[in-house]
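Visitor: Could you take me through a close look at one part of this model, and then on to the surroundings that matter for reading it? I would like the cut-offs stated as you go.

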Amino acid sequence: MIAKWNDEYWLLLMQLYLRKPIGTKPIYSRDMVDLALELHLPPKYLYGKMLQLRRLDTPRIEHLWNTYANHPKKLSKGVLLLRRMQGFNNATSFYEGVEVSESFETEFKPLPDCGQLTPMMLVIILDQYFRLTPNTMVEETAEIKSLAQMMDIPPSLIVEVMNIYQALDPCLRRTTMPDTPLATHCKQVWKRYGNDDPIKLAAYAAQLHEYFR
């Protein structure tokens with residue numbers, strides 16, 4: 001059994017929805033991802049729930065709006081009490097006996113070989129890779145500088161990743177793979193996205209950009 005939705009989570013979603021700017025938050029905004037990691041529920045799932053919250057899909061949701069929407073202090077108190085529940089956000093107790101899937105969570109956790117990068121950052125870099133030519137994959141290139149600034153990492157790290165992607169790119173026919181622990185992680189990302197539809201990759205990467213806004 002996978003970690004499931006609990007109706008008490010509506011309070012957490014409502015608090016996030018009402019955070020300025022009020023409204024449905026992007027799937028991969030930092031706040032949405034943080035809540036997803038806290039609840040062990042994928043961001044896309046929470047996004048769907050947030051849409052339900054906005055539409056007032058059920059009498060229960062309508063009751064929640066009537067009770068909390070115009071009473072932020074009451075909502076904050078309810079959220080605080082929820083988070084103080086014994087074992088909340090503790091996989092060893094709150095999720096005891098429940099299989100917690102980390103298929104999405106690992107995408108946002110630092111790589112063991114490079115704490116400055118996460119798998120989802122490698123996806124963003126791969127999308128940028130397909131927008132450049134090999135001779136522009138250098139630290140001085142404006143796009144690389146901009147991407148590095150957005151993700152708060154050195155441009156040299158992006159170039160290092162792109163060098164690995166060049167070695168994996170069958171169109172370049174290069175055989176020398178850079179000797180770095182990052183190669184394994186880049187291979188996994190390339191296997192998932194490198195040979196897929198670049199439009200799908202671009203759309204996903206654009207969503208992931210929201211995490212850094």
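Which is Cys171, buried or exposed, and what is its relative accessible area?

Guide: Happy to. This is a predicted model, in which local features need pLDDT of at least 70 and side-chain atom pairs count only at pLDDT 80 or more, while totals for chains, interfaces and linings use all residues. Residues are numbered from 1 along each chain as its sequence is written, and side-chain values use heavy atoms, with hydrogens and water left out.

Cys171 is exposed, because its relative accessible area is 69%; buried means under 20%, exposed over 50%, and partly exposed in between, with a 1.4 Å probe and protein chains only. The model has zero disulfides, a disulfide being a pair of cysteine sulfur atoms within 2.5 Å. For Cys171, the nearest cysteine sulfur belongs to Cys186, 17 Å away. Cys114 is in no disulfide either: the sulfur of Cys186 is the nearest cysteine sulfur, at 9.5 Å. Cys114 is buried, since its relative accessible area is 12%.

Cys186 leads us to Tyr165, whose contacts (heavy atoms within 4.5 Å) include Cys186, Val189 and Trp190, as well as Leu122 and Ile125. Tyr165 is also among the residues that touch the most other members of the largest nonpolar core, which has 65 residues. Such a core is a set of buried Ala, Val, Leu, Ile, Met, Phe, Trp, Tyr and Cys residues joined through side-chain atoms within 4.5 Å.

Now to the charged pairs. The structure holds seven salt bridges, each a side-chain nitrogen of Lys or Arg within 4 Å of a carboxyl oxygen of Asp or Glu. One of them joins Glu107 and Arg192, with the closest N and O atoms 2.9 Å apart. These partners lie 85 residues apart, Glu107 in the loop between α5 and α6 (119–129) and Arg192 in helix α9 (residues 182–194). Helices are DSSP runs of H or I, at least four residues long, and strands are runs of E, at least two, numbered from the N terminus. Glu107 counts as buried because its relative accessibility is 9%, whereas Arg192, at 46%, is partly exposed.

Arg131 and Asp127 form another salt bridge, 3.1 Å from N to O. Here Asp127 is buried at 9% and Arg131 is exposed at 52%. In the salt bridge between Glu210 and Arg213, the closest N and O atoms are 3.3 Å apart. Arg213 is exposed at 68%, and Glu210 is partly exposed at 25%.

Terms used
Lists of a residue's contacts leave out its neighbours within four places in sequence.
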